[in-house]
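Student: I am new to this structure, and I would like to learn how its features can be read one after another. Could we begin with how a helix and a sheet are placed against each other?

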Amino acid sequence: MNSRAAWMLALFCVARCGAALAHSAPNSFVKLSFLAQSVRAEVLVPESELAYATAAEGASEPFAAYLLRHLSAETPQGAAWKVDVRSFSHTTYLEHAYLSAQLELTPPTGAPSGAFVLIDDAVTHEVRNHVVIVLARGVDKPQLLGALQYPARRLAVQRPVATDSRHASRK
């Protein structure tokens, strides 16, 4: 077989077999519920990706402490929000093992709860191809607010406006 034919065969195998051999890397999710005085967040972090991040960082702290070091919120002007981890548990989501944390994010006095900057690099600071998907709950259906992937770690969040398609005018 000549070198050109070998090269073409190698490219064909990579194209056809690459997807089958690739590791399915799960994403993290931040699901936000907007309340009058605060925002509740469910944070889902895949255990496999968290293991890579903490091993690379040398972290051996509890998950809640790790999460508070890597996730925060602030007003658009830069004033810090209070972030409390209410609970966490192990769960399965999309056929992957996840740690699920329930957080309460509270704006500083006088700041609205519907507009803030989410700062999250809980896995992405070490696992550069990892993605954090941010969703809003409590509207007609979950709404994608954005995604974070290295080097991005800040996402401006606005409370989504619910729309009721049943009452939309038809033209």
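Tutor: This is a predicted model, and in it helix H3 lies across strand S2 (39-46), S4 and strand S5 (96-106), while its direction makes an angle of about 120 degrees with S4.

Student: In which order do the strands of the open sheet follow one another?

Tutor: Strands of a sheet pair through backbone hydrogen bonds, and they may do so parallel or antiparallel. Here six strands form an open sheet in the order S4-S5-S2-S1-S7-S8, and the pairing is mixed. Strand S4 (82-93) and strand S8 (143-149) are the edge strands, each of them pairing on one side only. From one strand to the next, the twist averages 20 degrees.

Student: How many bridges join S7 to S8?

Tutor: Strand S7 (residues 131-137) and S8 run antiparallel and are joined by six bridges, and within this pair Leu-135 stands opposite Leu-144 in S8.

Student: Is His-70 buried or exposed?

Tutor: Buried means under 20% relative accessible area, so His-70, which has 7% relative accessibility, counts as buried. His-70 belongs to helix H3 (residues 63-70), and its side chain makes a polar contact of 2.8 Å with the side chain of Asp-121.

Student: And which residues does Leu-71 touch beyond four places away in sequence?

Tutor: Leu-71, in strand S3 (residues 71-74), touches Val-43, Val-83, Leu-103, Leu-118, Ile-119 and Asp-120. Leu-71 counts as buried because its relative accessibility is 3%. Although Leu-71 and Asp-120 are 49 residues apart in sequence, their C-alpha atoms are 4.4 Å apart in space.

Note on methods
Residues are numbered from 1 along each chain as its sequence is written. This is a predicted model: local features need pLDDT of at least 70, side-chain atom pairs count only at pLDDT 80 or more; totals for chains, interfaces and linings use all residues. Side-chain values use heavy atoms; hydrogens and water are left out. Helices (H or I, at least four residues) and strands (E, at least two) are DSSP runs, numbered from the N terminus. Buried means under 20% relative accessible area, exposed over 50%, partly exposed in between (1.4 Å probe, protein chains only). Contact means heavy atoms within 4.5 Å. A polar contact is a pair of N or O atoms within 3.5 Å; within protein, one must be able to donate a hydrogen and the other to accept it, and residues adjacent in sequence count only if both atoms are side-chain atoms. Two strands pair if DSSP finds at least two bridges between them. Axes are lines fitted to C-alpha atoms, for helices over the stretch in contact, and angles run from 0 to 180 degrees between N-to-C directions.
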